[in-house]
Amino acid sequence: MVHRNSAFSVFILIFVSMSCVTSFKMSNELRRPKIPSYIHVCNKDDPLVDECIWGSIESLKPYLKKGVPELGIPSCEPLYIPEIVINQGKGAVSIQSTYTDIKVYGPSNFTLKAVRVDLDKDQIGLKIYIPKLRMTSTYTIRGRILMLPIHGTGPSDGNYTDIEASALIQGSKFEKGGKTYYSVTDIFVDFIIGHASVYMGDLFNGDKELSDSMNLFLNDNWRNVAKEVKPVLEETMGEMFKTFANKIFHKFPLDELLPCSSGTRDCWQ
């Protein structure tokens, strides 16, 4: 459970980083916004396109705390997530859980470690490091963790340090209206957390003795819990990313997201 919360934070940060790379806007407006002057637009045929995109992300970092309304990038401090539902029905961790009113503190303090764009294979790779994340939410959970029963509804507060994450986004190109667009088909995420601690209030209908014992157990065994829930978490994150990203990628042709240096559109045909 600790790992679910922290990993979801990492996923959101990767999504924000992707927003920096492509400079897109999640909006229902018909009019497309102008890219702010402080964001450097990269060209598809630049032989140093990876380095260019790296620089573009770095140029946007100072603006992430307050967000970039022109591009539809929300404030990252804190980053607000209305709800996430993660259920796992088998194995040592078998639970049904919902988290609402999620606030994540610290994602804008990331360090970009690597950017890799393979236009021939329609792949984008990112590696990041986050020194510290804090997440608060309201949870509802029922099931078993490492064979122990758990249930409750209440506030949760987690702290996570030394987070290393990498993502490989696989996509494909398609034609629409005489223009070429990009669509995310899969995302593969891996991450390592140096340390995690979590507190879940009002477990077992507010029974303090049972609640304190379970919180102690979770913090002593968080690595084992993380190992059990990682597959279902990765699947959940992948589906969420595809849903969010494709709403945007499908609106903007590639000659706007990553234009040709010559100013023509031939290089995407």
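The protein exposes about 13,000 Å², and carbon and sulfur atoms supply 53% of that area. Keep in mind that this is a predicted model. Of its 269 residues, 49% count as buried.

**Overall layout**
- You'll find 5 helices and 6 strands in the protein.
- Reading from the N terminus, the elements go α-α-β-β-β-β-β-β-α-α-α.
- Among contacts in the protein with a separation of 6 or more, 70% come from residues 24 or more positions apart.

**Helix 2**
- Helix 2 covers residues 49-60, which makes 12 residues.
- At 1.5 Å a residue, helix 2 should span 16 Å, and its end C-alpha atoms sit 17 Å apart, so the two figures agree.
- Which residues of helix 2 are buried? They are Val49, Asp50, Cys52, Ile53, Ser56, Ile57 and Leu60.

**Leucine 79 and strand 1**
- Leucine 79 belongs to strand 1, which runs over residues 79-88.
- Is leucine 79 buried or exposed? Its relative accessible area is 4%, and buried means under 20%, so leucine 79 counts as buried.
- Leucine 79 and glycine 106 are 27 residues apart along the chain, and their C-alpha atoms are separated by 8.5 Å.

Key
Residues numbered from 1 in each chain as written. Predicted model: local features only at pLDDT ≥ 70, side-chain atom pairs only at ≥ 80, totals over all residues. Heavy atoms only, no water. Helix = DSSP H or I, 4+ residues; strand = E, 2+ residues; numbered from the N terminus. Buried < 20%, exposed > 50% of the residue type's maximum accessible area, 1.4 Å probe, protein only. Contact = heavy atoms within 4.5 Å. Areas by Shrake-Rupley, 256 points an atom, 1.4 Å probe, with all protein chains shown as cover. Expected span 1.5 Å × (residues − 1).
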